[in-house]
Amino acid sequence: MSLDTPPLDDPSFDINADQRGRIIGCFTSFIVLTTIVVVLRLLSRKLARAGFWWDDHFSVIAWAFSTFGCVLLLIELKHGYGRHIYIWGPIEGPLKVRQWRKILYVFELFFHTSTTLAKYSMLVLPQSVKTGRGLVEELTDPKKSSILLANIRYSIL
């Protein structure tokens with residue numbers, strides 16, 4: 001399908017359709033909910049004097065990556081993200097598509113990194129509960145730290 005010819009013969013097609021409100025609502029609620037969960041998690045660990053371990057650090061880094069990805073796409077709303085490409089016309093439309101693809105590529109990098117780190121946080125949680133040791137103590141144990149770092153390296157590659 002060409003970018004310069006909108007499917008005007010389709011009665012369900014609306015060239016002025018706008019999804020920006022839904023995008024704002026979705027990403028804003030995601031940022032707020034994840035921030036609340038991470039803050040409550042860190043607060044509960046601090047109040048329980050349990051110390052911070054790998055799972056806490058992974059969850060904070062995953063939160064930062066996911067928040068950055070959401071903010072990146074929210075910034076793109078002012079450039080027309082969430083609207084039909086046909087409103088830009090045949091000259092500017094392909095340029096917008098190229099720009100959005102670059103932004104979505106960066107978003108995918110942050111999204112997958114965030115998802116991987118969140119899974120690692122869940123993976124090391126039972127070890128954190130079992131030992132009760134902090135991150136510094138675990139880093140001094142060469143066997144455990146090398147296994148965890150090797151798993152991180154191979155999952156990212």
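Modeller: Let us begin with the buried residues of helix α1, which are I23, F27, I31, T34, V38 and R45. Buried means under 20% relative accessible area, with exposed over 50% and partly exposed in between, for a 1.4 Å probe and protein chains only. Helices are DSSP runs of H or I with at least four residues, numbered from the N terminus. The model is predicted: local features need pLDDT of at least 70, side-chain atom pairs count only at pLDDT 80 or more, and totals for chains, interfaces and linings use all residues. Residues are numbered from 1 along each chain as its sequence is written, and side-chain values use heavy atoms, with hydrogens and water left out.

Colleague: How many residues has helix α1, and how far does it reach?

Modeller: The expected span of a helix is 1.5 Å times one less than its number of residues. Helix α1 (residues 20-47) has 28 residues and reaches 40 Å from first to last C-alpha, close to the 40 Å expected. Just after α1, R49 adopts a positive phi of about 55°.

Colleague: Is D56 buried or exposed?

Modeller: D56, in helix α2 (residues 54-75), has 2% relative accessibility and therefore counts as buried. Not counting residues up to four places away, D56 touches R41, L42, R45 and G51.

Colleague: What joins the side chains of D56 and R45?

Modeller: A polar contact is a pair of N or O atoms within 3.5 Å; within protein, one must be able to donate a hydrogen and the other to accept it, and residues adjacent in sequence count only if both atoms are side-chain atoms. The D56 and R45 side chains make one of 3.3 Å.

Colleague: By class, what does the lining of the largest pocket have?

Modeller: Ala, Val, Leu, Ile, Met, Phe, Trp, Tyr, Cys and Pro count as nonpolar, Asp, Glu, Lys and Arg as charged, and the others, Gly among them, as polar. That lining has 14 nonpolar, seven polar and one charged residues.

How values were computed: Helices (H or I, at least four residues) and strands (E, at least two) are DSSP runs, numbered from the N terminus. Contact means heavy atoms within 4.5 Å.
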